[in-house]
Amino acid sequence: MTQIRILLAEDDINLGPILKSYLEQKGYACVLAKDGGAAVDVFTKYDFTLCILDITMPVKDGFETAMEIREIKKNIPIIFLTGHTQEEDKLKAFSLGADDYLTKPFSMDELLMRISAVTRRLRLGQGEESIFEFSNFVFDYNRQVITYTVPETGDKENMKLTSKESEILKIFCQAPNQVVDRSTILQKVWKNDTYFNARSMDVYITKLRKYLRRDPYVDIVNQHGVGFKLAFVPK
């Protein structure tokens, strides 16, 4: 298997080297950047599997760094680190497509488990159905891409998804025009159904709706208090 390469952006002169050393001991390749500007610069030079970004950094904070990195490679998984506990920061992180979020202080074992969960999601779909067609869309789960074909012209538009967006859309595609319980989505994607994860799920579903809005015959319908369904008219 190709070695997993992690971009770690952490300005704490004590924590950064410790995290880097720990990840390398666990078999990961890790490049440490000490501010957001350096992180964006190094991201252009190497092929990374995953990014771990501290939110409070000089030059560029974690949010700005994530946005610039996503302009280069939209579907790169991102885990945010922060010393803040405000819910607004967490929601902003997930609105930017974060795959996970850790509040300091955290244990090294917890970080390792979060990394394993994210990289495991990247490998999902092998041996299972991974191409889904509905209305004028084709969803390639393995590539994390939705392709929309404009009916009038035949032109195609590709939209890159994040790991969690892909996981959620796959669940909907496996049960087309059927209501999927909120708890089912939360357990499959987040592994628990806490209030905060439920809020995060709503953010991701809102983003998916924006992608699907190109086709007036497709929508993610909210059945209040129950769940959601991917609704479309079969061809």
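## Basis of the description

The model is predicted: local features need pLDDT of at least 70, side-chain atom pairs count only at pLDDT 80 or more, and totals for chains, interfaces and linings use all residues. Residues are numbered from 1 along each chain as its sequence is written, and side-chain values use heavy atoms, with hydrogens and water left out.

Helices (H or I, at least four residues) and strands (E, at least two) are DSSP runs numbered from the N terminus.

## Helix H3 and its surroundings

Helix H3 spans residues 62-72, and its buried residues are Gly62, Phe63, Thr65, Ala66, Ile69 and Arg70. Here buried means under 20% relative accessible area, exposed over 50%, and partly exposed in between, with a 1.4 Å probe and protein chains only. The buried residues of H3 fall within an arc of 155° when seen down the helix axis, so they line one face of the helix; the arc is that of the directions from the helix axis to the C-beta atoms. An α-helix has 3.6 residues a turn, so residues three or four places apart point the same way.

The cover over these buried residues includes strand S1 (5-9), helix H2 (36-43), strand S3 (50-54), strand S4 (78-82) and helix H4 (87-95). At the start of H3, the backbone nitrogen of Phe63 lies within 3.1 Å of a side-chain oxygen of Asp61.

## Packing of H2 against H3

Two packed helices are described by the angle between their axes and the distance between the axes. For H2 and H3, the axes come within 9 Å and cross at roughly 10°. Axes are lines fitted to C-alpha atoms, for helices over the stretch in contact, and angles run from 0 to 180 degrees between N-to-C directions. H2 and H3 are therefore roughly parallel to each other; angles under 35 degrees count as roughly parallel, over 145 as roughly antiparallel, 65 to 115 as roughly perpendicular and the rest as oblique.

Gly36, Ala39, Val40 and Phe43 of H2 make the contact with Thr65, Glu68, Ile69 and Ile72 of H3, where contact means heavy atoms within 4.5 Å. By class, this contact has 5 nonpolar, 2 polar and 1 charged residues. Ala, Val, Leu, Ile, Met, Phe, Trp, Tyr, Cys and Pro count as nonpolar, Asp, Glu, Lys and Arg as charged, and the others, Gly among them, as polar.

## Helix H4 and Asp100

In H4, the buried residues are Asp89, Leu91, Ala93 and Phe94. Their cover includes H3, S4, strand S5 (100-103) and helix H8 (195-212). Just after H4, Gly97 has a positive phi of about 90°.

Asp100 belongs to strand S5 and counts as buried, at 14% relative accessibility. Its C-alpha atom is separated by 4.7 Å from that of Ile79, 21 residues apart along the chain. Beyond neighbours within four places in sequence, Asp100 contacts Ile78, Ile79, Phe80, Phe94, Arg114 and Lys164. The side chains of Asp100 and Arg114 form a polar contact at 2.7 Å. A polar contact is a pair of N or O atoms within 3.5 Å; within protein, one must be able to donate a hydrogen and the other to accept it, and residues adjacent in sequence count only if both atoms are side-chain atoms.

The axes of helix H6 (residues 163-173) and H8 come within 10 Å and cross at roughly 75°, which makes H6 roughly perpendicular to H8. Lys164, Glu165, Ile168, Leu169 and Phe172 of H6 meet Tyr204, Ile205, Lys207, Leu208 and Tyr211 of H8. This contact has 7 nonpolar, no polar and 3 charged residues.

Thr162 is in the loop between strand S9 (156-160) and H6 and is buried, with a relative accessible area of 3%. Not counting residues up to four places away in sequence, Thr162 touches Arg70, Gly97, Gln144 and Tyr204. The C-alpha atoms of Thr162 and Gln144 are separated by 6.9 Å.

## Backbone exceptions in loops

Most residues other than glycine have a negative phi, and most peptide bonds are trans. Val59, in the loop between S3 and H3, has a positive phi near 70° and is exposed at 64% relative accessible area. Lys191, in the loop between helix H7 (182-189) and H8, has a positive phi of about 70° and is exposed at 54%.

A cis peptide bond joins Lys104 and Pro105, with omega about -5°. Pro105 is found in the loop between S5 and helix H5 (108-123).
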